[in-house]
Amino acid sequence: MKKKILIVEDEEGLRLLYEEELKAVGYEVLTARNGKEAIQKLEEGKPDLIILDIVMPVMNGMEALGRIVGKERKIPIILNTSYPGYRKDFMSWAADAYVTKSSDLEELKNKIRELLERGKT
Amino acid sequence: MKKVVAMILAGGRGERLYPLTRDRAKPAVPFGAIYRIIDFTLSNCLNSDIRHIYALTQYKSISLHRHIQLGWNILSPPLGEFIEVIPAQQRIDEQWYQGTADAIYQNIYTLQQGRPDLVLILSGDHIYKMDYRMMLAYHLEKGADLTVAAIRMDRKLSREFGVIEVDKDWRIIGFQEKPEIPKTIPGDPEGILVSMGIYVFNVEILVRRLIEDARSESTHDFGRDIFPAMIGKDQVFAFDFRLGDQGGTGYWRDVGTIDAYYEANMDLVSVTPQLNLYDAQWPILTYQPPYPPAKTVLEEEGRVGTAINSILSNGCIISGGRVKRSVLSPRVKVHSYAEIEDSIVLEGVDVGRNAKIRRTIIDKEVQIPEGMEIGYNLDEDSKRFTITDSAIVVVPKWIRL
């Protein structure tokens with residue numbers, strides 16, 4: 001069965017890029033434009049992994065992270081940001097991995113594979 | 001100097017103290033005539049020069065909130081000092097606190113803002129006098145990630161407590177919940193170390209362990225989950241309560257049951273109580289409204305207002321009645337020919353003429369009608385009141401008799 005990934009990203013271009021690239025390597029993809037939508041999608045779509053941007057309107061990634069962890073303890077979360085100060089935020093430590101935003105998605109794809117593998121054992 | 005923040009877990013329901021906890025959380029339960037249980041922990045903080053204090057509340061917190069607002073509004077915000085009451089805000093999660101660890105986890109933003117180096121986690125449920133500075137210094141000296149305060153008890157009591165196992169350097173190497181055969185203290189085969197629910201954490205370790213705990217199957221409790229999981233993984237040490245005990249008597253009470261509550265109050269009317277409230281070096285602060293001083297009146301044949309071996313608070317009037325071995329909170333009135341023995345009477349209670357009260361706890365604002373007897377016929381009392389295993393009668397707040 002295809003693994004389902006939820007992409008939470010407010011910037012449309014980036015969201016589309018991620019969506020296409022991840023579909024191309026065989027994942028099913030859900031998208032959300034902010035933290036609030038992400039929480040809705042979490043309940044409806046039951047994703048296997050979440051890629052979370054931090055700076056977003058309506059509800060930012062850090063707040064969403066706390067709420068997601070409160071609802072679905074086990075689901076792996078990758079914080080994906082270009083904002084370097086985020087590690088000062090205690091809540092960021094709840095993420096399973098951190099990937100700096102880049103047009104090259106190799107690192108992100110590797111992390112996804114790694115975290116999904118880890119979940120199997 | 002290290003920046004320390006104290007977080008007092010003040011959400012305890014105190015179910016075994018029912019009906020004293022019917023309308024209030026356990027830390028707000030009156031104790032020792034004029035105090036609330038939480039006053040002891042708060043006083044320990046101030047006497048230990050800790051003036052950055054959060055009290056985390058949850059159930060039935062109005063009474064506690066009011067008490068802290070009225071009585072503890074004594075720090076200086078311009079100097080950065082505070083006692084802040086934080087109710088369960090559902091900031092992270094839309095639920096009540098799941099356990100003591102969850103209570104801190106849900107307030108991770110509060111820690112974030114304050115950016116302390118060390119976090120002192122305390123319970124608002126216990127009565128003791130302790131200099132937390134000794135424990136903080138010990139924590140730094142040991143290079144610990146977590147230090148847990150421990151009190152020595154007789155090994156026979158092991159089945160009632162969580163027992164900490166230490167090596168000769170007091171590094172914690174094990175923890176057993178209520179063991180039959182406990183691990184004793186090195187060099188003290190009759191003694192065991194019992195966790196007092198007092199923790200000093202380096203803030204970074206605390207946050208990491210809280211997040212790990214939040215993301216795993218757990219009861220989210222410091223004593224059951226966080227602390228045991230750190231043994232063998234992090235630098236975890238026990239701190240001997242005797243090194244910080246300000247009474248010097250090893251006094252520490254959980255007052256978890258009505259019987260324990262009764263005994264702890266009764267200790268205070270003895271000639272030399274184990275809990276010394278008179279130490280000017282370690283004052284216990286509380287909220288005291290400006291009531292007039294206690295007085296005893298009337299001196300006629302058979303109608304003498306007296307109080308012997310008792311504690312009387314401001315606003316009390318013993319008017320031709322007799323009080324023996326009892327603890328009276330403020331504004332208690334004892335009318336002519338009434339008798340109170342071996343009892344705890346809370347604020348605003350009025351004991352009518354010829355009433356007889358024995359081995360009873362009367363909660364606030366109760367009117368005892370003329371001639372009523374309580375504590376003399378337990379079958380009769382059990383129809384209206386709670387009666388404990390030790391035959392102590394509890395009359396709940398505001399009951400109409």
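Predicted model: local features only at pLDDT ≥ 70, side-chain atom pairs only at ≥ 80, totals over all residues.
Me: In which loop is I75(A), and is I75(A) buried or exposed?
Reply: I75(A) lies in the loop between α3 and β4 (77-81) of chain A. Buried means under 20% relative accessible area. The relative accessible area of I75(A) is 8%, so I75(A) is buried.

Me: How far apart in space are I75(A) and I5(A)?
Reply: In sequence, 70 residues separate I75(A) from I5(A). From C-alpha to C-alpha, the distance in space is 10 Å.

Me: Which residue of chain B forms a salt bridge with D96(A)?
Reply: Across the interface of chain A and chain B the rule finds one salt bridge. The closest N and O atoms of the salt bridge are 2.7 Å apart, and the partner of D96(A) is R215(B).

Me: Which element gives the largest share of the side of chain A that touches chain B?
Reply: The rule finds four residue pairs in polar contact across this interface, both residues at pLDDT 80 or more. On the side of chain A that touches chain B, seven residues form the largest share, and they come from α3(A).

Me: Which three residues supply 45% of the area that chain A buries against chain B?
Reply: The contact takes 20 residues from chain A and 20 residues from chain B. Together the chains bury about 1800 Å², with 49% of it on carbon and sulfur atoms. More than any other three residues, the 45% on the chain A side is supplied by R73(A), F90(A) and W93(A).

Me: Which residues of helix α2 of chain A are buried?
Reply: The helix covers residues 35-45. Cover for its buried residues includes β1 (4-8), β2 (28-32), β3 (49-52) and α3 (61-71) of chain A. The buried residues are G35(A), E37(A), A38(A), I39(A), L42(A) and G45(A).

Me: Which residue follows α2(A), with a positive phi?
Reply: At the start of α2(A), a side-chain oxygen of N34(A) comes to within 2.9 Å of the backbone nitrogen of K36(A). Most residues other than glycine have a negative phi. After the helix comes a residue with a positive phi, near 45°, and it is K46(A).

Me: Which strands stand at the edges of the open sheet of five strands in chain B?
Reply: The order of this sheet is β14-β18-β21-β24-β27, with parallel pairing. An edge strand has a single partner strand, so one side of it is left without a neighbour in the sheet. The edge strands are β14 (295-297) and β27 (367-368) of chain B.

Me: Which residue in β24(B) stands opposite K333(B)?
Reply: Strand β21 (residues 333-334) and strand β24 (residues 350-351) of chain B pair in the parallel sense over two bridges. Opposite K333(B) stands D350(B).

Me: What is the relative accessibility of V255(B)?
Reply: V255(B) is in the loop between β13 (252-253) and α8 (258-267) of chain B. Its phi is positive, about 35°, although V255(B) is not a glycine. V255(B) counts as buried, because its relative accessibility is 3%.

Terms used. Residues numbered from 1 in each chain as written. Chains lettered and ligands numbered in written order. Heavy atoms only, no water. Buried < 20%, exposed > 50% of the residue type's maximum accessible area, 1.4 Å probe, protein only. Helix = DSSP H or I, 4+ residues; strand = E, 2+ residues; numbered from the N terminus. Contact = heavy atoms within 4.5 Å. Polar contact = N/O pair within 3.5 Å; in protein donor to acceptor, adjacent residues only side chain to side chain. Buried area = accessible area lost by both parts, 1.4 Å probe. Salt bridge = Lys/Arg side-chain N within 4 Å of Asp/Glu carboxyl O. Pairing = 2+ DSSP bridges.
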